[in-house]
Amino acid sequence: MSLRKLFRNIKLLSHIDLRSHTHEPIDLAQVYDNLFYEISDAVKNGDSHTVCGIMESLDFLIKSKASMVRFGDGEISLMCGDSIPFQSASPLIATRLKQVLSACDKNLMVGIPSVLYKDKSCLQPYARDFWRNNGNKYRNILEQYINFDKNTYYAAEMTLGFANRGIDKKAYFSGFRKIWNKKDIVIVCGKTVFDKITHNIFDNANSVEYVYAPSSDAFAKYDEIFNDCMKCAKNKIFVVICGPTAKILCYDLFLNGRRALDVGHIAKSYDWYMNHREIDTLDSGIAFFAPD
């Protein structure tokens with residue numbers, strides 16, 4: 001590390017506030033753990049590769065015709081052979097996820113957790129603790145499959161801007177709606193995804209076609225889902241809401257000449273925004289940055 005970077009890191013570390021590192025009641029062991037990872041993050045940031053932020057990632061998605069996939073802690077766990085809620089682990093899904101994460105193509109946006117390389121002050125408290133304590137582990141796994149010299153990486157949490165305190169929510173959701181405005185789209189999702197939605201973020205699309213996938217363990221039906229998608233018109237935008245399976249499906253659709261977007265929680269987030277709900281009152285799993 002150069003002297004300039006060293007002094008920059010020392011200056012950054014001088015602003016660390018222990019009070020922001022834990023919740024009441026104070027657990028000193030947790031404070032020390034978080035401080036250790038904050039220091040590690042700060043030093044890492046001194047040599048950090050560039051990962052685009054949320055709005056920068058969204059801007060590229062709007063202006064390009066790229067497909068998009070996003071990797072979070074759930075996908076990383078599956079790559080390591082560990083099951084997560086709603087998706088069982090298997091050697092095949094692990095292999096496929098690694099294949100997608102390793103892809104290098106300017107027309108395929110690969111999202112990784114930008115919080116691994118950026119300041120965490122805009123995250124919810126539980127999310128900050130989680131990424132501070134697990135950041136090194138997830139970086140080490142991710143960097144076995146990504147290549148900063150060949151690929152630009154985007155914010156996996158671009159579909160979770162509602163949980164970020166520093167985002168202009170109106171501009172954020174307006175930006176997403178521009179992508180499918182007056183376009184023909186195919187939504188790939190579970191049958192109950194929109195049951196409780198009162199404000200549909202896709203209501204400005206020209207037309208909407210649905211391909212239904214299981215709400216859990218969708219990868220077990222992967223071939224069937226993929227074949228159903230391939231029956232749809234090639235020029236439609238595929239909007240995929242089906243957890244880790246979405247990453248593999250979007251990648252395969254992209255390889256077959258379709259534009260496919262792994263949008264995760266965007267429909268729920270928009271509904272919460274339009275209903276004036278505060279992120280602090282919502283299920284902590286969303287604020288925790290579970291990408292789907």
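Modeller: The side chains of E75 and K247 meet in a salt bridge at 3.6 Å, N to O; a salt bridge is a side-chain nitrogen of Lys or Arg within 4 Å of a carboxyl oxygen of Asp or Glu. This is a predicted model, in which local features need pLDDT of at least 70 and side-chain atom pairs count only at pLDDT 80 or more, while totals for chains, interfaces and linings use all residues. Residues are numbered from 1 along each chain as its sequence is written, and side-chain values use heavy atoms, with hydrogens and water left out.

Biologist: Is K247 buried or exposed?

Modeller: Buried means under 20% relative accessible area, exposed over 50%, and partly exposed in between (1.4 Å probe, protein chains only). K247 has 0% relative accessibility, so K247 counts as buried.

Biologist: Which residues are linked with E75 and K247 in a network of salt bridges?

Modeller: E75 is itself buried, with a relative accessible area of 2%. The network that holds E75 and K247 also takes in R70 and D262.

Biologist: How many residues apart in sequence are the parts that D252 and R96 tie together?

Modeller: The side chains of D252 and R96 meet in a salt bridge at 2.7 Å, N to O. D252 lies in helix α9 and R96 in helix α5, so the pair ties together parts of the chain whose separation in sequence is 156 residues. Helices (H or I, at least four residues) and strands (E, at least two) are DSSP runs, numbered from the N terminus.

Biologist: Why are the buried residues of α3 on the same side of the helix?

Modeller: The buried residues of α3 (residues 54–63) are I54, S57, L58 and L61. They are on the same side because the arc they cover around the axis, taken from the directions from the helix axis to the C-beta atoms, is only 100°.

Biologist: Which strands do the buried residues of α3 pack against?

Modeller: Contact means heavy atoms within 4.5 Å. The buried residues of α3 pack against helix α7 (169–180) and, among strands, against β1, β2, β3 and β7.
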